[in-house]
Every structure is written in structure tokens, then in C-alpha cells.
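The sequence and model come first.

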Amino acid sequence: MVDTAQRQRRAPAARPAGHRRARVSVLVRRYRLAPYLLLLPSVAAIGLVLLWPVVQVALYSFQNYGLPQTTGAAPAQWIGLGNFRATFADPEFWLSLRITVLFALAAVTITLVTGTLVGLLLNALGRVMSVFVSTAALLAWATPPVSASVLFYWLFNPDGGLVDWALARMPHWLVGSTDWAGFNWTTTGALPAYTVATLLVVWQSFPFIAVTVLAGLKTVPAELHEAARVDGAGAWQGFWKVTYPLLKPIFLVLLLLSVIWDFNVFTQTYLLTGNLGNRDEYNLSLYLYDKAFTFPPSYGLSGALALILTIILLVVTVGYVRASVRQGALS
Amino acid sequence: MTSTGMTSTGMTSTGMTSTGTTGAPRALPRPRISPKTARKTRTTFLNASGLLVALLTLFPIFWMISTAFKPSQEIYSLTPHLLPAHPTLGNFSQVMSGQASGIGSFWLFFRNSLAVTLATVVLASLVSLLASVAVARFRFRFRASYLIMLLIVQMIPGQALIIALFLDFDRLGLLQNLGGLVLVYAAQALPVSIWMLRNFVATVPRELEEAAAIDGAGPMRIFWRIMFPLVAPGLVATSIFSFITAYNEFIVALTFLGQAHSDYTLPIYVTYFFGRGGAEWGPIMAASTLYTIPVVLFFLLVQRRMASGLVAGAVKG
């Protein structure tokens, strides 16, 4: 309980730098204001830019807030749950929700499995090879989402894209009888578009999982693996019986973070599906953005959607916070 | 490839293989093999997988750079070549001259991005340093609530805020304005920055501060002379984080900047001519290569800190 402010009281009052300054510092010390003053800028910034907007959005979601209301031409009216009722009655909402959930399921699973496998591989590789592979992974990780999206759009482009060219030259028994030359991945429907999105997201996010798992693996004492091996455990058993239980907290946090990231994905899907060009390829984020920023804007409906998205994520976040607290993060 | 070796040596050794075979691929029910051969097979298999992972991961980046150096008849040729047959700088010069996008030279948008990013880094570092000193050095009411608030705020999706931010910043006249972006980016970087930095502040020994206080140093002096140099590595880590957040940010810039072409940051610039239909892939790949290089170089320079910092932020809490 002894803090710096208290201890500094013992220090000689060094600078007679004017009465007012001295009086302020006495006040700060007497009421132990120092921590609150230090927190003030961050609380103000977070409050104004991150928290207040959430409150506003929540308020919009119960109003008929649109263009006339923002310009002041007409007053905003409270319409109760009207926006939510309209949302739940809209088949586009359910489609976008389904796309969001299925995409998150696929992307999270593939990312975690790939990342863990690469992490285990990095741990088993020799020094040179390990540095080589992790540098390659780092490059994918470092590529900005916009560059990566544009790049994958080009790789999967029907006019001159490399993937269609390669698939068209593969035997039918391997790649199916689709006419791959000129196959349009991004406008043919949600499944091909989100296949590309999944590959893109996995490519960008498995390195983080791999590096984190590797850092965790380094903390597992080698004797444990040795012991398991002597007892006749194979690589598979060794992972589930030794590595996984020890790294479980790390996996839990990685799982929750991945769910949150992939549930939220916007940049990649916005660019891959052609800048709000295909309504049947919207995920929740695109649907929400479309409601707010294509004419005529309906901030009320969009707010209701934002609230739904936030509440879904809050449930996941509660899991994340509990996992962090259990690991003693607040100490 | 190693199957012949396996069978030839396999006959000579019996028993004592249980330790060596665990990592090897389980192919056929094969004769027992010596631990040495098994280890060799395992190493070969691991190295081959490593090589495969690295090549698959690098390929998209390689293809971006390769396309950027191809003349357009090669880009749209019916048989794509891995490397440009006639490498050209034409795409890059179109990007530099502004001819490719029609809204300005690459340098203009690079300057915008750099200004926004640096301002964000400075602002976020300052504010998060103050906050992390409070959290790491003082015990006070609401401390736990503040920390939990940071964790929760960090998860609020940007899309959920963007409507209200757009309307608020519109009223304040901060749309189509790089300063408005800096405010949002700095605030967005704060939760993770504070969360990371407080661990660094906590490791600064209190005895040093006390000694300085006894020697008559005021709080400001103690902060700048003792705390700051010792926390500098942590500041590097958080700066990296806010740098990347600001440099890559898309949705806020897209929404705020609208038609203000001369204020575009790099990601909006790259998507601007990507979105204009009849895409010219040469210049687009040249522009995204140029956009990607700085952040990749940055990553490579700071990779060790990067990994440990992010891991510390994400895992340890």
C-alpha cells in the first residue's frame, strides 16, 4: 500500500517553483490523486472514441435514426424494438449471420490446427530451417490486410489469375468437373468467395498461432516428453497427454482471440466480395456497413445490427476476460 | 526416398527401436529399423515439411512482386510464367507518376500514411505510458475495473463503432482530415499498449526511484531520468503495435476520407484503383508491393521484440 506519492512526501520540497504549483501538488498528495491524473488522458480518449460511440449506437438502435435526423430536418423518434423486429424479419440478416458463423467456424478451426502444427514443426526443426520457416511465416503475418486481399483477389481472378489456370490443367478426378478456366470465385456465391476468404485469413493468421504455440512449447520441460516416450507414447499421444494439458491456457486464449477476429472480419471480405457488390455474400459486418453507408442510410437498423454483433462478441469476450483473470493477469 | 535405406539396415537391428520411430511417418508395417536411420528419416521428413510450409507461405508474396515487374502482355498471357520474361519497371513508374491511379503519386499517399502513423505512435505511447505507470505503481480504487475495461474495450468491433464515430466526427468537422484518423487510431491502440507496457513498468525496481527521491530528485526528474530509459524497450514494443495498427487500418479511413483523394492513406489508395473495375493488375501489384515493403522490413527488424511483445500481450495478459 505504500506508493510513490507517499514516499515522495519524505523528500525535501525541492523546488520553490511558485505557490500555486506547490498547492496543487499538496492536493494531489493529500487525496492521492496521482494515479487518477495519470489515467485521465487514456480514460478520456477511450471513453470518447470507443465507449461513448457504443452508447450512441445502442441509443440509435431504438430510434428511427436516418438522414433526416442527422441533418436535424426531422426529430428522431423512439420506436422501441422496431429496428430489431425489422432485422429479425429480414432474410438477408439470417443469411449474413449464417455466413459469419460458418466462416468463423471454418477459419478458426483451420487456423488453429495449421498454426499448432507449424508451431510443433518449428520446435522440432533444426536452427537454420526453423529460422527460415518462421521468417516466411512472419512475412505472411506482416503483409497488410489490404495488400493481402488485393493479392488473393488477383490470384483467384478469372482473367489471368493463377489458381484458375492451374485448376483447369488438373485432372477432373482431382478437382471435379467444374469449368475452372474463367471460374469467378468472388461473384459466384458465398461458398467460393468465403473459400478464398478462409485461405486468406488462415494464411495471415496462422503465423501468430505458430509463434505463440512455439513460445509455449519452449516452456515445456524436455524431460516430460522424454518420459512420455519411454512409456511408449507416440507423437499423437505425446501431444494430447503432455503438451496440450500444459499449454491449455494458451490454447484457450488463442481460441477466443481467433473467434473474435474471424467473427469480425471486414477488410478482407469487403475487398474480396467487390466493395459491397454482392448482397448474397454479406457477412454481418458487411450487412451492417451497408445499412449505414449505402443510400439511404439507416443508422437505426445499422445500430441494431452493431448491438447484436457486439453482444455476441461480448459473450466471447467474457470468456476471454475470465481466462485472463484466471491466469493472474490483473495482479 | 529413404525406403531402400530403411529395409537394408532394418534387417540388422532388432528391438530397441521404440524411442526412434515415434516421429517417423507411419507408412507400411515395416521391418524394424535402427534408431540412427529412423532419426535421419525423421529429420528429412521434418525438413521437407518445413520447406513445403515456407514455400506455400512465401508464394503469394512472390507472385505479387513477380506480377509487379511484368509487362501487361505477360500478366494476361495464357501461360503464366513464374518470373517475368521481360522484367519492367513500367508499373512502378506509373504508380510513382500518379498516372496509374489518376489521383496522385504514390509518394503523396505514403506521406499521408507516414504522418498519420507517426503521430499515432507518439500520441499512443505518451498516453499509455502515463496510464501504465498508474496501473503498475499505484494501488487505487477502480484499478481492477480499469484493467477489465481495457480488456473488454479491446474487443469492441470497429464496425460497431463506425456509425457513431462517423456522425460525431462529421459534427466536429474532423472527417476528411488526417488528424481525425490519428485520434481514432491512438485511442484504438491504447488498450493493448497499456496492457503491454504495464508489465515493463512493473519491472523497474522501486529502489532506484527511492534512491533518486532521497537524493532530491522531483517526480518529473525521476520519471525522465530513471523510469523512461528503463521502460524504453517496452515503448518500442508498444510503438510497433500502434505503428502496425495505424499503417494497416482500413475501415475508419475508408469511411472518414470519402472522396478526399489528397488525404487518402496507403490502404485506401491501393483499394481506390483496385475498385475501379477493369483492374490493371501490374500497377496494382506494384502499388501494393510498395505499400507492403515498409511494414515487412519493420517486422523483420524488430521480429524478436514483436513476437515476445505480442505474446506477452496476448497470452500472459
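Helix 8 (residues 145-155) of chain A and helix 11 of chain A have axes that come within 10 Å and cross at roughly 140°; the two helices are therefore oblique to each other. Axes are lines fitted to C-alpha atoms over the stretch in contact, with angles from 0 to 180 degrees between N-to-C directions. Helices are DSSP runs (H or I, at least four residues) numbered from the N terminus.

This is a predicted model, in which local features need pLDDT of at least 70, side-chain atom pairs count only at pLDDT 80 or more, and totals for chains, interfaces and linings use all residues. Residues are numbered from 1 along each chain as its sequence is written, and chains are lettered from A and ligands numbered from 1 in the order in which they are written.

In helix 8 of chain A, A:Pro145, A:Ala148, A:Ser149 and A:Phe152 meet A:Val196, A:Leu199, A:Leu200 and A:Gln204 of helix 11 of chain A; contact means C-beta atoms, placed from the backbone, within 7 Å. A:Phe152 also touches A:Leu272 and B:Pro60. A:Phe152 is among the residues with the most contacts inside the largest nonpolar core, which has 173 residues. Such a core is a set of buried Ala, Val, Leu, Ile, Met, Phe, Trp, Tyr and Cys residues joined through C-beta atoms within 7 Å.

Helix 11 (residues 190-217) of chain A also packs with helix 13 (residues 235-263) of chain A, the axes coming within 10 Å and crossing at roughly 155°. That angle makes the pair roughly antiparallel. Residues of this contact include A:Val201 and A:Ser205 of helix 11 of chain A, and A:Thr243 and A:Leu247 of helix 13 of chain A.

The contact between the chains takes 89 residues from chain B and 90 residues from chain A. On the chain B side, helix 2 (residues 35-68) gives the most, with 13 residues.

A residue is buried with 20 or more other C-beta atoms within 10 Å of its own, exposed with 12 or fewer, and partly exposed in between.

| Residue | Phi | C-beta neighbours within 10 Å | Class |
|---|---|---|---|
| A:Asn275 | about 45° | 13 | partly exposed |

The peptide bond from A:Phe295 to A:Pro296 is cis, with omega near -10°.

Terms used
Two residues are in contact if their C-beta atoms, placed from the backbone, lie within 7 Å. Angles under 35 degrees count as roughly parallel, over 145 as roughly antiparallel, 65 to 115 as roughly perpendicular and the rest as oblique. Lists of a residue's contacts leave out its neighbours within four places in sequence.
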